[in-house]
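Morning, everyone. I have one structure to walk through today. Please have a look before I start.

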Amino acid sequence: MTATLERRKEVLQLAREHNFIILEDDPYYYLYYGDSARYPSYFSLELQESEVGRILSAGPEVLLQAIDRHVCRYFLIHLDRANAVAAFYREKRDVFERAMIKHLSGLAEWSRPEAGMFFWFKLLLGDGSGSGDSEDLIRNKAFERGVLALPGTMFLPSGRKTAYVRAAFSLISAEDTEEAVKRIRDTILPLVCGGDRVPRHSRLREMSNTVWFR
């Protein structure tokens, strides 16, 4: 759900030119809660732009006429429930991002998710460029503080180091979200403010002077 329409068209064109198959895993299609319209799938784009798509363009109308009315009613109920769940996750996303802005500004970078139930963010470790490794910090140090998240390296086939972290916000309460993000902040601060080193980020100096949980 994160690829823009322009990007999807570029990838589709590359697949045509180089003859490779696109495997599209889109489990959060109905859990989209972004502000813009939902992006079409690669499959629907291919149908729209191909001769086969033009031939099959009348298909949905014929199909709906052939489907039992009870099946149609069930599908509409499913869509209503999916929209309600998407609104629920959007609220959870907003709560998580407010905590991120409050406690991790200057310590992490992120893009606001528009679907699903996970928040990906990059810790600004090392020299602040985001080139550090989140694995030990998240798997061990944050876990010792009672925070359960996943280091980004777990999602890379090569297992290479990365500063990215994935956190779920689907079930956690607003109070626990606030506390968890604060604990992540407290885990990061000693690594970027250790010794006589001057923090790279001006926001970091303000945070370390006003609130410090040990």
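First, a definition: helices here are DSSP runs of H or I with at least four residues, strands are DSSP runs of E with at least two, and both are numbered from the N terminus. This is a predicted model, where local features need pLDDT of at least 70 and side-chain atom pairs count only at pLDDT 80 or more, while totals for chains, interfaces and linings use all residues. Residues are numbered from 1 along each chain as its sequence is written, and side-chain values use heavy atoms, with hydrogens and water left out.

Confidence next. pLDDT is the predictor's confidence in each residue, on a scale from 0 to 100. The protein chain averages 79, and 75% of the residues score at least 70. Over residues 52-62, pLDDT falls below 50. That stretch has five contacts beyond near neighbours in sequence, a contact being heavy atoms within 4.5 Å. Residues 195-214 are also below 50 in pLDDT, with 33 contacts in the model beyond near neighbours in sequence. Where pLDDT is low, the predicted coordinates should not be read in detail.

Now helix α5, residues 69-104. Arg-93 is found in α5. Is Arg-93 buried or exposed? Its relative accessibility is 2%, so Arg-93 counts as buried. The cut-offs: buried is under 20% relative accessible area, exposed is over 50%, and partly exposed lies in between, with a 1.4 Å probe and protein chains only. Not counting residues up to four places away in sequence, Arg-93 touches Tyr-33, Arg-112, Pro-113, Glu-114, Phe-119 and Phe-169.

Glu-97 is buried, at 9% relative accessible area. Leaving aside neighbours within four places in sequence, Glu-97 contacts Trp-110, Arg-112 and Phe-119.

On to the sheet. Two strands pair if DSSP finds at least two bridges between them. The sheet is open, with four strands in the order β1-β2-β4-β3 and antiparallel pairing. β1 (108-110) and β3 (150-151) are at the edges with a single partner strand each, so one side of each has no neighbour in the sheet.

Strand β2, residues 118-123, is joined to β4 by five bridges and runs antiparallel to β4. In that pairing, Phe-119 stands opposite Ala-167 of β4. β3 and β4 (residues 164-168) are antiparallel and share two bridges. Leu-150 has Arg-166 as its bridge partner in β4. Pro-151 stands opposite Val-165 in β4.

Which strand and helix each supply at least two residues of the lining of the second largest pocket? They are β4 and α7 (174-192). A pocket, on a 1 Å grid over the protein atoms alone, is an open set of points where a 1.4 Å probe fits, with protein on both sides within 12 Å along at least five of seven lines; lining residues have an atom within 4 Å of a point. This pocket has a volume of about 230 Å³, counted as the space filled by probe spheres set on the points, with grid points joined across faces, edges and corners.

Of its 16 lining residues, the closest to the centre are Val-147, Leu-148, Ala-168, Ile-172 and Ala-180. α7 gives the most to the lining, with six residues.

One last residue. Asn-19 sits in the loop between α1 (5-18) and α2 (42-49). Asn-19 has a positive phi of about 60°, although it is not a glycine. Asn-19 is exposed, with 71% relative accessible area.
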